[in-house]
Amino acid sequence: MFEDKFIRLAIRVRQEAILQMGRGIAFPSISREQLSGLPVPLPPLAEQHRIVAKVDELMALCDQLEAARQEREQGRERLMAATLQRLNQPAANHASFRQDASFALQVLPSLTTTPAQIKQLRQTILNLAVRGKLVEQERSADEWCQFLEAIKADQLKALRVKRIKPKVAALSSLSDEMLIENSSRIENVSLASVIVFGPQNGISPPEVSDTSAPKALTLSATTSGVFNPKCFKHISLGAEACEPYWLSSGDLLFQRGNTREYVGMAAVYDGPGQSFVYPDLMIRVRISKQVSLRYVHMVLVSPDLRAYLTSNATGSSETMPKINQEVLLNAPIPLPPLAEQHRIVAKVDELMALCDQLEQQLSQADQQRRRLLEAVLAEALQSSKPALGSESRV
């Protein structure tokens with residue numbers, strides 16, 4: 001005689017063996033004969049009752065632990081949400097806010113327990129960075145003026161050699177007032193202010209099967225905000241026609257059209273020269289060497305700039321809204337002096353590395369919890385084996 005619940009528990013423990021018995025690729029299955037021949041431990045009926053009762057007891061304890069964990073996690077989520085909301089709000093007292101932000105970034109890792117929370121933490125780090133709230137703002141009047149003058153000189157040179165059009169220079173927001181102001185805050189300038197090439201739309205000739213034909217990026221190559229060299233297709237385009245569209249390392253690419261979530265997404269091309277052209281649904285620019293490319297890219301993928309680009313995308317189809325070059329050129333870029341940009345990028349790298357560690361720890365913790373639950377059930381059933389001389393069939 002046996003108890004149904006005990007048999008179900010025994011079969012659950014043998015789940016891995018059952019899966020290995022399956023045959024087929026699309027829909028693996030096992031036969032009734034295979035299932036009937038599955039060996040399971042079968043102690044006397046009274047012992048089966050005791051094992052089932054012990055498993056029920058342990059599972060009830062697991063339910064209590066899970067309920068307590070969920071309650072604790074909800075409390076952490078509320079605390080973290082309140083902390084992030086406070087950090088993302090403007091602050092009147094900059095020095096006091098930086099102290100609050102520093103403390104919050106120290107304690108937030110202990111409150112972060114889900115991937116969604118880590119994503120929020122990353123966004124908050126970018127918000128703080130582009131608003132000048134992560135590092136000290138150490139600048140002099142001379143440094144500020146020299147920095148802006150160098151950018152203006154780069155752009156005037158680009159205008160003379162026709163790498164940019166007059167409309168780009170016209171949309172620049174670098175002014176004489178900014179040059180003489182010893183600013184104590186990060187100044188917003190238009191993206192047009194730091195461009196020395198472009199903006200230029202790409203080209204989209206027909207796709208071909210010839211693997212020796214030129215390679216063109218697809219939209220997926222930059223959708224994540226990081227260049228992916230695996231996303232391309234071969235196109236019908238002659239060598240001479242490719243020349244204006246070959247990408248060079250350091251080119252900044254924007255998705256001119258995509259879904260609302262991704263339109264305007266920016267990525268830096270860091271591949272070799274003359275290996276890829278880019279499609280018509282992308283816009284390419286290059287920025288002045290006087291500005292940190294990594295800093296500008298960080299700004300462009302931050303929540304504020306993503307909101308600007310998506311809200312200014314237009315079009316009759318919501319599945320493929322687009323931004324035009326003027327929207328891109330007018331994008332507001334918080335621009336501190338170069339040394340401060342480097343400090344901000346270094347601090348963001350440090351904090352993002354911490355987020356990477358948190359994600360790894362969460363993954364390991366999930367795996368450990370699953371193994372623990374499996375072990376509890378297996379141990380409860382395994383404890384019956386010493387009293388048994390053999391196993392029975394299902």
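Residues are numbered from 1 along each chain as its sequence is written, and side-chain values use heavy atoms, with hydrogens and water left out. Since the model is predicted, local features need pLDDT of at least 70 and side-chain atom pairs count only at pLDDT 80 or more, while totals for chains, interfaces and linings use all residues.

Backbone geometry comes first. Most peptide bonds are trans, and most residues other than glycine have a negative phi. The bond from G198 to P199 is cis, with omega near 0°. P199 sits in strand β3, residues 195–201; strands here are DSSP runs of E with at least two residues, helices are runs of H or I with at least four, and both are numbered from the N terminus.

K162 isn't a glycine, yet its phi is positive, at about 65°. Its place is the loop between α7 (141–160) and α8 (166–170). K162 is also exposed, at 74% relative accessible area (exposed means over 50%, buried under 20% and partly exposed in between, with a 1.4 Å probe and protein chains only). Q274 is another non-glycine with a positive phi, about 55°. This residue is found in the loop between β7 (266–268) and β8 (276–277), and counts as exposed at 52% relative accessibility.

Next comes E207, in the loop between β3 and β4 (215–217). E207 counts as exposed, at 57% relative accessibility. Leaving aside neighbours within four places in sequence, E207 is in contact with K233, H234 and I235, contact meaning heavy atoms within 4.5 Å. E207 and K233 are 26 residues apart in sequence, but 6.6 Å apart in space, C-alpha to C-alpha.

The largest pocket holds about 860 Å³. Of the 22 residues lining this pocket, S224, G225, V226, H297 and V301 are the closest to its centre. Two or more lining residues come from each of α6 (115–130), α11 (293–300) and α14 (338–382). By class, the lining has 11 nonpolar, 4 polar and 7 charged residues (nonpolar covers Ala, Val, Leu, Ile, Met, Phe, Trp, Tyr, Cys and Pro; charged covers Asp, Glu, Lys and Arg; the others, Gly among them, are polar). A pocket is an open set of points on a 1 Å grid over the protein atoms alone, where a 1.4 Å probe fits, with protein on both sides within 12 Å along at least five of seven lines; lining residues have an atom within 4 Å of a point. Points are joined across faces, edges and corners, and the volume is the space filled by probe spheres set on them.
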